[in-house]
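Hi,

Here is the structure I promised to pass on. Have a look at it first, and then read my notes below.

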Amino acid sequence: MSTQSVYPPVRVASMGEQTRLFIAAFVIVLIAEFIGNVSIPLGSTEIVLLPLLWAVLIGAVLGLNAKRMPAGVRINSDMQRTAASLLQPVLLLFIAKLGLLVGGAIPKLVASGAGLLFQEFGHFFGTMIFGLPLALLLGIKRQAIGATFSVGREPSLAIIGERFGMKSPEGQGVLAEYLTGTVFGAVFIALLAGLLTSLGIFNPLALAMGAGVGSGSLMAAASGAIAAQQPPEVAKDIAAFAAASNLITTTIGTYFTLFLSLPFTLWAYKVLEPILGRTTKASIDAADIGADIEHELPKSGIGAQIVVWIAVGVFSLFGNWINYKVPATDPAAIAGMAIIVGVVGVGYALYRLTARKLPAVIWVSLIGMILTYPGFPGAHDIAALTGKINFLALSTPILAFAGLSIAKDVPAFRRLGWRIVAVSFAANGGTFIGATIIAQFFMHSPV
């Protein structure tokens, strides 16, 4: 069945609606940053709720209550799709900032040795090891393969779609994982990362490597929760190690999941299903989990993307002012943000000039790393200027747009049932915990 026969034509928000969307995102950023970090005691530990979590929750509430809102502030479905389409351009700013942090931290990354390399096995097998047994115990059948062979982002949809078709049980499973990650992923991974950090059993840098799960928004949420509990100098290393791990996961992830993770999950299902498998209502025969998920989103031209980068840069300057006390009018902060936007522009231009053979995030990361690599002319000054912008201030707008886009997927989410959601959480938690355990083992370093 063709895509056109399943999904309706993509609708585009009007210019007025887009303006309203940006105003809503800016207001959300301001409110979230003013709320700031909130610590919730949990026995001898605590969970730290960050501005990025408030941003995604406030955005979701606005979207879910769109029909109850006055027309002038309503976030309708067209605006929600536009918000989803803006996530990738906005994410490039965050990637640029992390690239600038990674460049200066390359000597520390090299010193981490095998830990940074081998922890990737935790990312790629942790989803199945933690998620598949739970899925079988809950009575989920072949949907468990699609739901647990990876974190279920866009490349995973493509792999399963080509191998099995999106209407297959495996396709239903990967769509369920995709949807759960979209709606709850950032909130769940931030809470989990914050809790594990507060326990004090893992080296913060091992946790940072675990945060590089291959999804920019999930990495932002997890690394932010870890960094919030560290002193400023360690927080920078957290961001650098998370970015390096995420870059490795992103670059080799498609091939690893295609040739290793998926075959291993298929084999594990064949072995474990006769032992752990049950037949319950969760043995989904629902024909069309993904019917309400709109994969086609509005496309933005280069001019529109430049506007997005500048606007979100301004949002971040104000968030940086509220929480990190660097005035938005500080010339050094403005120069630092200009460098970040410039890195995105150059990286995106190289992405276009090379016929999109490598993802834009790779080019943006590389440009950022080169500029701050020790020995590069002016690296110290560039690091000082961009250091005025805290990486968490850039993550809040990302999660604001993510929150504003959530409501469009809720109709499909309601059809999943709690069992497949629990399995998705186990898979997302598994990739983070699995990589963290391996990184901790190789680092041989006390917390």
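**What I found**

Let's start with tryptophan 321, which sits in helix α12. A quick word on helices: they are DSSP runs (H or I, at least four residues), numbered from the N terminus, while strands would be E runs of at least two. Before going further, note that this is a predicted model, so local features need pLDDT of at least 70 and side-chain atom pairs count only at pLDDT 80 or more, whereas totals for chains, interfaces and linings use all residues. Residues are numbered from 1 along each chain as its sequence is written, and side-chain values use heavy atoms, with hydrogens and water left out.

**Around tryptophan 321**

**Aromatic pairs**

How many aromatic pairs are there? The count is 19, where rings of Phe, Tyr and Trp (its six-membered ring) pair if their centres lie within 6.5 Å; planes under 30 degrees apart are stacked, over 60 edge-to-face, and the rest tilted.

One of them is edge-to-face: phenylalanine 184 and phenylalanine 425, at 6.2 Å centre to centre with 70 degrees between the planes. This pair links distant parts of the chain, with phenylalanine 184 in helix α8 and phenylalanine 425 in helix α18, 241 residues apart. Phenylalanine 184 is partly exposed at 34% relative accessible area, and phenylalanine 425 is partly exposed at 25%.

Phenylalanine 318 and tryptophan 321 make a tilted pair, 6.2 Å centre to centre and 40 degrees between the planes. Both lie in helix α12 (residues 302-324), three residues apart, about one turn of the helix.

Ring pairs also link a cluster made of Phe118, Phe121, Phe124, Phe125, Phe256, Phe264, Trp267, Phe441 and Phe442.

**Salt bridges**

There are three salt bridges (a side-chain nitrogen of Lys or Arg within 4 Å of a carboxyl oxygen of Asp or Glu):

- Aspartate 78 and arginine 81 meet at 2.3 Å, N to O. They are both in helix α4 (residues 77-111), three residues apart. Aspartate 78 is buried at 16% relative accessible area, and arginine 81 is buried at 1%.
- Lysine 141 pairs with glutamate 273, with the closest N and O atoms 3.0 Å apart. Lysine 141 is in the loop between α5 (114-137) and α6 (143-148), and glutamate 273 is in helix α11 (residues 232-276), 132 residues apart.
- Glutamate 170 pairs with arginine 142, with the closest N and O atoms 2.5 Å apart. Glutamate 170 is in helix α8 (residues 169-199) and arginine 142 is in the loop between α5 and α6. Glutamate 170 is buried at 4%, but arginine 142 is partly exposed at 33%.

**The inside**

The largest nonpolar core has 111 residues, and Phe94, Phe401 and Phe432 have the most contacts inside it. A core here is a set of buried Ala, Val, Leu, Ile, Met, Phe, Trp, Tyr and Cys residues joined through side-chain atoms within 4.5 Å. Helix α4 gives the most to this core, with 16 residues. A second, separate core of 24 residues includes Val174, Ala268, Ile420 and Val421.

**Two loop residues**

Most residues other than glycine have a negative phi. Lysine 325 has a positive phi, near 60 degrees, and is in the loop between α12 and α13 (331-353). Arginine 356 has a positive phi of about 60 degrees and is found in the loop between α13 and α14 (360-372).

Cheers

Conventions. Buried means under 20% relative accessible area, exposed over 50%, partly exposed in between (1.4 Å probe, protein chains only).
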